[in-house]
Amino acid sequence: MQTCDHCLLQFPDREAVYGEIKGRRQVFCCHGCMGIFSLINDEGLEEFYEKRDSWLPGPASDKPWNAAAFTEHVRQAGNELETEVVLDGIRCASCVWLNEKVLDRTKGVTFVSVNYATHRARIRWRPEDTGLDTILRRIASIGYTPKPPVAAAYEEDLKAGQKDLLIRLGTASFFSMQLMLYSTALYAGYFQGIDERTKDIFHLISLMLTTPVLFYSGFPFINGAARGLRNRVFNMDLLIVTGAGSAYLYSMFQMFSGGKVYFDTAAMIITLILLGRYIEAGAKSKASQTIIRLLSLSPKEAKKIKGQGARSKGQGWGDTDFETVLISSIKPGELIQVAPGEKIPLDGIMVSGSSEVDESMLTGESRPVSKTEGAEVFCGTQNLYGNIIFEVNRTSADTVLSQIIKVVGDAQARRAPFQMFADRVVGFFVPSVLLLSIMTFAYRFLNGSPATEALMISISVLVIACPCALGLATPLAVLAGTTRAASKGILIKGGDVIEIAKNIDLAVLDKTGTITEGRPLPGPFMTRGLSETEALSIAASLERHSEHSIGKAIAGAAKGLELHEVTGFTAHPGKGVKGEVNGKIALIGNRSFLESEGIDLNPDHSILSESVSLESAGATVVYLSYDGEFAGIFSVSDAVRKEAAEAVRLLQQEGLDVEMITGDNGITASAAAKDAWINEVKARMSPVEKAGEIKRMQDVGRHVMMVGDGINDAPALVQADIGIAMGKGTDIALESSDMVLMRDDLRLLPEALSIAKKTFSVIRQNIFWAFFYNVLAIPLAITGVLHPIAAAGAMAFSSLSVVGNSLRLLRIK
């Protein structure tokens, strides 16, 4: 038999494929493995073969793939393109390393990150230098099959891992059950006497039954331990293999010397630990159901309206022709029809019809949301009652659903500081246990204990001290906590956020779109030197280019008016906007912005007096200048959210101080703060000043949570210990935040903190019990109270207790 130098598969000599690579004669099971081995060496990545751990023998994946299936998952990322790919064939952490290295060396690829837990790769590239097809071919060239990030592929990978564990566990259980029959007979024979020939036969049968358990079922542990040693890393697999292997080898020695054998010990150690691993895999799969459900929400086809360009808005849709097309072929601006009971295939704006839509999977809100013309609809939500037609504004890779899936996946990959601490502990704990086991054997043996007794006790020390529970304590709790939060409409971007949340003692809230509803309505306005129509037209011409909700309200007030072309448009976050209209400079923004641009606002005291009255009533006032002259004021009213006061009260009950920080003027801000029961207000602050104020709070020992929704909140969201964005905020705010509230409900704030604190509490409980278990169990093993089989059972139980404790988080109300 030969062993393939690439995939480690054993195969008959007659099937061998030989090749000389870098001056060495290599043997492979097929030409595919030889090609991959050659490519890896040509790339200078032969270190892969030293790093790979827990590798399952078998040839590389050669399943067919189609580049067209990935097109709908490509999204724009600035001047670059980005997509996610599920990698079929990931077997160990070194597979992740290899894919990242190969893609990183591909011309045009600027970023690559592979999540080992989900086998998903996030790849970003410059389209002028490379293409998606080239990237997918690079992945396939090293033996991995790229798959589009859909629910079926993700679920298939989870099931494949569980299936392999189940087969190994089933094999181990079957042989171990047969082995226990012979072991029972041997133990009885040791006490009551047994014929020597019968004993030898039973010994041989026990050896034959134990061998597949250790070398097939236990192969992942053996391979993991060997790779760890090759990389000078002492891992948990080494403890398991040393314990089971010692019992196996010692029993073989005893077969020929006439003593007792302990094959059952070797087999049961592997079987019980595999049982624990299989249950852990099931728990991870259960905790990952949210992302699987999210992936399954997006339809694959949609009904597109034919010849839609010729139809005017006022025409009916009764005689319209539809065609069923793939989602990947739909472009922004095209019109899609959705019948009652169907899922909405992409994000867009309704142009016809009315209905109610179930958005519970995105927002956690169980009540249907009423939709009429002009309302925004989201991919993956379900149309309940009426026929609707909407205009697509985001394709599949850019939808809100796609962003949620990305955030949830990234969150489960980010490591909490507690996890890094646990990893460091495991790093020195394993060699310490090995040393302790050797010292226990030496002490027992040198003090007169039989070699058999000394060995069994030292094996018990190895097995009982395996820190599997410690390794599970943090990641499984983070997985369960973030999954539960996502089901309630709260996206937590990582375990590090959960750990920080426990210390938050100050909540800082932006006003517009956060404390207020973010749907400003235009109010009274006054002009100077221009007619009302002309002033509104100039203001709306500028504001239609703005993302700010106040700007959108002013632009909306000018429907039906002829707008001007604007050149040289620039936005000044937190201040206003500027541009040229009819060749003249036009400005609109807050008072300080116009004054900083040299505009004199004092000539008309009546207008300024009116602005004070409007602000006292809670309205926001913006100032317009045209051709260097003050030209008027516009007022916009934005109602305080009805739940704002309740949310503030709940935060205060949790022991948090609550403050408002806004770029609006002090009079308007104070009026909104009063309605929300907030006493501390900081107004007229630019984005940089907001971030500076957060920094000042942190410098005096406060742990700050910032909540906002706009571009002008992004610096403060980044500066805060935890930044929280409202789900309908700008893309920049969402990107800058650590949490996202997918439902515009401020009562989710205390709920988000509560889930984070409960998750961290579970992490601490898990780590405490993992340490407590080892502190209690190791002395019992050293004193000989625990047999190795009992030690293996106890070690598996400790892991399962961590699993059960973590899964409690999925039932948080």
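How many aromatic pairs does a search of the whole structure find? The search finds eleven aromatic pairs. The model shown in these views is predicted.

**Figure 1. Overview of the protein.** The protein has 28 helices and 31 strands. Of its 813 residues, 54% are buried. Among contacts between residues at least 6 apart in sequence, 69% join residues at least 24 apart. The accessible surface comes to about 34,700 Å², and carbon and sulfur atoms account for 55% of that surface.

**Figure 2. The aromatic pair of Phe215 and Tyr248.** A pair of aromatic rings is described by the distance of the centres and the angle of the planes. Phe215 and Tyr248 are one of the eleven aromatic pairs. Their rings lie 5.6 Å apart, centre to centre, with 80° between the planes. The pair counts as edge-to-face because this angle is over 60 degrees. Phe215 belongs to helix α6 (residues 196-217), whereas Tyr248 belongs to helix α8 (residues 236-257). The two residues are 33 residues apart, and the pair thus links distant parts of the chain. Phe215 has a relative accessibility of 44% and is therefore partly exposed. Tyr248 has a relative accessible area of 7%, so Tyr248 counts as buried. Together with Phe263, Phe215 and Tyr248 form one aromatic cluster.

**Figure 3. The aromatic pair of Tyr623 and Phe630.** This pair is tilted, with 40° between the planes and 6.3 Å from centre to centre. Tyr623 and Phe630 are both buried.

**Figure 4. Helix α19 and the elements that cover its buried residues.** Helix α19 spans residues 549-556. Which residues of helix α19 are buried? They are Ser549, Ile550, Gly551, Ala553 and Ile554. The cover over these buried residues includes two helices, α17 (511-515) and α18 (532-543). The strands β21 (521-527), β24 (584-589), β25 (620-626) and β26 (629-637) are also included in this cover.

Figure 5. Phe768, Trp769, Phe772, Leu776, Leu780 and Val785 make a nonpolar surface patch of about 610 Å². One of these residues, Trp769, is found in helix α27 (residues 748-782).

**Figure 6. Two cysteines, Cys4 and Cys379.** Are these cysteines buried or exposed? Cys4 has a relative accessibility of 1%, so Cys4 counts as buried. Cys379 is likewise buried, because its relative accessible area is 2%. A search of the whole structure finds zero disulfides.

How values were computed
Residues numbered from 1 in each chain as written. Predicted model: local features only at pLDDT ≥ 70, side-chain atom pairs only at ≥ 80, totals over all residues. Heavy atoms only, no water. Disulfide = S-S within 2.5 Å. Buried < 20%, exposed > 50% of the residue type's maximum accessible area, 1.4 Å probe, protein only. Helix = DSSP H or I, 4+ residues; strand = E, 2+ residues; numbered from the N terminus. Contact = heavy atoms within 4.5 Å. Patch = residues over 30% accessible without salt bridge, like charges linked within 9 Å, V, L, I, M, F, W, Y side chains within 5 Å. Areas by Shrake-Rupley, 256 points an atom, 1.4 Å probe, with all protein chains shown as cover. Salt bridge = Lys/Arg side-chain N within 4 Å of Asp/Glu carboxyl O. Phe/Tyr/Trp six-rings, centres within 6.5 Å; stacked < 30°, edge-to-face > 60°.
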